[in-house]
Amino acid sequence: MFMRINNNPYKIGDGRRASGVRSGGWVLTETMFAIGIGITFLVALMGIFVTSSLSFAGVGNYINMDRRSRNALDQMTQRIRSAKVLTSFNSATLVFNYDAAGTTNLAYRYNASSRQVTEEWTVAGATTTNTLLTGCDSCAFSLYDHDLAPTTDVSAGQGKVISIAWNCSGTALTRTNTEYMQQSQIVIRNQP
């Protein structure tokens, strides 16, 4: 039995193909087109990965800087409030006395060359140094009297409020991030 389908003179189930009909398979242009699309996709994916990695590293760096700054500020606030008297002051150094005999002292120092803020405890002549902040680009201590007027006088009745301000930066994956300035005013409770 012969049937004509689409002008095809072959029998159904004959297994032969009509001339001029493609037999399937890839041609060079199709292969090149698929490779081009694949490479474009991989480049875009790699770009997304790199920018995401840089962003995550930057955010992690900000979080670490903020955590260290808050921790340092909390420690300083607690210890400055409980100090007996401020004995020495300048914009980079604070020295407090903790007892009437003057054998226990606390000093906060900013070293611009090492970019560190340190806490130094002196008890009976022995000094212990603790680094509170690293990567500190700027740090300034200010002193105010009872009326919040700026002063440098540490004598009795003067220098009641300490203002601390610093700015830190850090590097993550070759990018430098700078945190917002941390600033606080701390009242010396025991200062007359």
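Figure 1. L28, M32, I35, I39 and V43 make a nonpolar surface patch of about 510 Å². Patches consist of residues with over 30% relative accessible area and no salt bridge; nonpolar side chains (Val, Leu, Ile, Met, Phe, Trp, Tyr) are joined within 5 Å, like charges within 9 Å. A salt bridge is a side-chain nitrogen of Lys or Arg within 4 Å of a carboxyl oxygen of Asp or Glu. Areas come from the Shrake-Rupley method with a 1.4 Å probe, and for residues only the protein chains shown count as cover. M32 sits in helix α1, residues 28-81. M32 is exposed because its relative accessibility is 51% (buried is under 20% relative accessible area, exposed over 50%, partly exposed in between; 1.4 Å probe, protein chains only). The model is predicted: local features need pLDDT of at least 70, side-chain atom pairs count only at pLDDT 80 or more, and totals for chains, interfaces and linings use all residues. Residues are numbered from 1 along each chain as its sequence is written, and side-chain values use heavy atoms, with hydrogens and water left out.

**Figure 2. The whole chain.** One helix and nine strands make up the element list. Helices (H or I, at least four residues) and strands (E, at least two) are DSSP runs, numbered from the N terminus. From the N terminus on, the order is α-β-β-β-β-β-β-β-β-β. The chain has 192 residues, and 29% of them count as buried. Its accessible surface is about 12,400 Å², with 57% belonging to carbon and sulfur atoms. Of the contacts with a separation of 6 or more, 45% involve residues 24 or more positions apart (contact: heavy atoms within 4.5 Å).

Figure 3. Strands β4 and β5 (residues 126-134) run antiparallel and are joined by eight bridges. Two strands pair if DSSP finds at least two bridges between them. V117 has L133 in β5 as its bridge partner. Two residues separate the strands of this hairpin. In the turn, A124 has a positive phi of about 50°, although A124 is not a glycine. Most residues other than glycine have a negative phi. A124 is exposed because its relative accessible area is 66%.

**Figure 4. E120 and R109.** E120 is placed in strand β4, residues 116-123. E120 is buried, at a relative accessible area of 17%. Its contacts, not counting residues up to four places away in sequence, are N105, L106, A107, R109, T127, T128 and T129. E120 and L106 are 14 residues apart in sequence, yet their C-alpha atoms are 5.6 Å apart. A polar contact of 2.9 Å joins the side chains of E120 and R109. Such a contact is a pair of N or O atoms within 3.5 Å; within protein, one must be able to donate a hydrogen and the other to accept it, and residues adjacent in sequence count only if both atoms are side-chain atoms. E120 also forms a salt bridge with R109, the closest N and O atoms being 2.9 Å apart. E120 lies in strand β4 and R109 in strand β3, so the pair ties together parts that are eleven residues apart in sequence. R109 is partly exposed, at 33%.

**Figure 5. R79 and E119.** The chain has four salt bridges. In one of them, R79 pairs with E119, with the closest N and O atoms 2.7 Å apart. This pair links distant parts of the chain: R79 belongs to helix α1 and E119 to strand β4, 40 residues apart. E119 is buried, with a relative accessible area of 2%. R79 is partly exposed, at 24%.

**Figure 6. R115 and D137.** A salt bridge joins D137 to R115, the closest N and O atoms being 2.8 Å apart. D137 lies in strand β6 (residues 136-144) and R115 in the loop between β3 and β4, so the pair ties together parts 22 residues apart in sequence. D137 is partly exposed, at 37% relative accessible area. R115 is also partly exposed, at 31%. R115 has a positive phi of about 55° although R115 is not a glycine.

**Figure 7. S184 in strand β9.** Strand β9 covers residues 182-187 and includes S184. S184 is buried because its relative accessible area is 16%. Not counting residues up to four places away in sequence, S184 touches L73, I162, S163 and I164.
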